[in-house]
Amino acid sequence: MQSNSCGHQWIIRLTQQQSERALDAALIDILSQVFADNNFALYMNKQFTSQGHIRCSYSGGSAAILNDEQAQQLVAKIDAERMRISGSQGQYVYFPIYHLGAVIGFVQSRSDFALTHDSPFVITNILNIYANQLYLLYRSRLDPLTELLNRQTFDSQVMDIINGDGFAERRDNELERQWYLAMFDIDHFKRVNDTYGHVIGDEVIILVARILKQSFRSEDYVFRYGGEEFAVLLLCDNKDQAMQVLERLRATVADFTFPQVKRLTISTGFCAFDNTSMVPELVHKADLALYNAKNNGRNQVVDFHSLNIPDNTKGAGDDDLDDDMLELF
């Protein structure tokens, strides 16, 4: 371990970060000073829920690459022993990352790095400070009513996907998957507020948000976009699979019994990402598909590309929308 043995400067640096990306970069830089030759890997559940997956955030040097199942098994073992553990052959040591008493991740390092008397304590403190700061940033991204990601987070997440290592992702040996943006709106929501009041209206929004969270995987991003409108960024193999996922969600909402209101439906529009899209363009496409769904009977899912509107014509199709298509309730 390099100088700064008490970790003071490192802790100050971590607590100064105001974005997840900057916080991760600061932690990786700090750990690279702690572990020789960058021989470490960071695994985290950044959703702070039991449904969240432990994923590799960083791997350097000769650190072993673990799949999701192996990482989850290690977390269970660390949680049971409540201490750092060594690998089965003693090649690696694993430092747990705690938040509110639960293990939400770990750092894997080779067991032959120079470990001073105080370094385990310093490493543990650094990781716990990191987890706490990450949680504060995570909470700041949530909508207070639904605890979905908020509108302010939406643009930055879309840009992260577009500007990341390709806008399509590959999982293990599977084919490349594509990102899709889906926009949802609760049909006739104004009638709910007018008939039952805003307390029931808020309860409807909370319940729809809960259905949304349960309908998508931990790798997808679910947002409350505004009022009774929601957005999801989801990974699918193709648009047919995206349509199946969104149709299943539509049917789930339609079959759900809401208190007092009983039955409600949602309309959905979606579009595929491409490597030239910007946030306003993507939202515009998904919105056109959503308005088309609402204008043609509601309670349906519409793919933007099925409308045969040229991708390079921003605003195309607006003249074909009547006034009812702008009625988002």
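**Exercise 1.** Decide for Y43 and F106: buried or exposed?

*Solution.* Start with the cut-offs: buried means under 20% relative accessible area, exposed over 50%, and partly exposed in between (1.4 Å probe, protein chains only). By this rule Y43 is buried, and F106 is buried too. The model is a predicted one, in which local features need pLDDT of at least 70, side-chain atom pairs count only at pLDDT 80 or more, and totals for chains, interfaces and linings use all residues. Residues are numbered from 1 along each chain as its sequence is written, and side-chain values use heavy atoms, with hydrogens and water left out.

**Exercise 2.** State how many aromatic pairs the structure holds, and classify the pair of Y43 and F106.

*Solution.* A pair of aromatic rings is described by the distance of the centres and the angle of the planes. Rings of Phe, Tyr and Trp (its six-membered ring) pair if their centres lie within 6.5 Å; planes under 30 degrees apart count as stacked, over 60 as edge-to-face and the rest as tilted.

- Step 1: the structure holds 14 aromatic pairs.
- Step 2: the ring centres of Y43 and F106 are 4.9 Å apart and the planes stand at 20°, so this pair is stacked.
- Step 3: Y43 belongs to strand β1 (residues 40-44) and F106 to strand β5 (residues 102-110), so the pair ties together parts that are 63 residues apart in sequence. Helices (H or I, at least four residues) and strands (E, at least two) are DSSP runs, numbered from the N terminus.

**Exercise 3.** Describe the contact of helix α7 with helix α8.

*Solution.* Axes are lines fitted to C-alpha atoms, for helices over the stretch in contact, and angles run from 0 to 180 degrees between N-to-C directions.

- Step 1: the axes of α7 (residues 198-215) and α8 (residues 239-255) come within 11 Å and cross at roughly 145°.
- Step 2: contact means heavy atoms within 4.5 Å. I211, L212 and S215 of α7 make the contact with L249, T252 and V253 of α8.
- Step 3: these residues divide into four nonpolar, two polar and no charged. Ala, Val, Leu, Ile, Met, Phe, Trp, Tyr, Cys and Pro count as nonpolar, Asp, Glu, Lys and Arg as charged, and the others, Gly among them, as polar.

**Exercise 4.** Locate H188 and R298, and give the phi of each.

*Solution.* 

- Step 1: H188 sits in the loop between β7 (177-186) and α6 (189-196). Its phi is near 55°, a positive value in a residue other than glycine, and at 24% relative accessibility H188 counts as partly exposed.
- Step 2: R298 sits in the loop between α9 (279-295) and β11 (301-303). R298 is not a glycine, yet has a positive phi of about 60°; at 13% relative accessibility it counts as buried.

**Exercise 5.** Describe the surroundings of A289.

*Solution.* 

- Step 1: A289 lies in helix α9 and is buried, with a relative accessible area of 0%.
- Step 2: not counting residues up to four places away in sequence, A289 touches T268, G269, F270, V302, D303, F304 and L307.
- Step 3: A289 and A182 are 107 residues apart in sequence and 9.3 Å apart in space, C-alpha to C-alpha.
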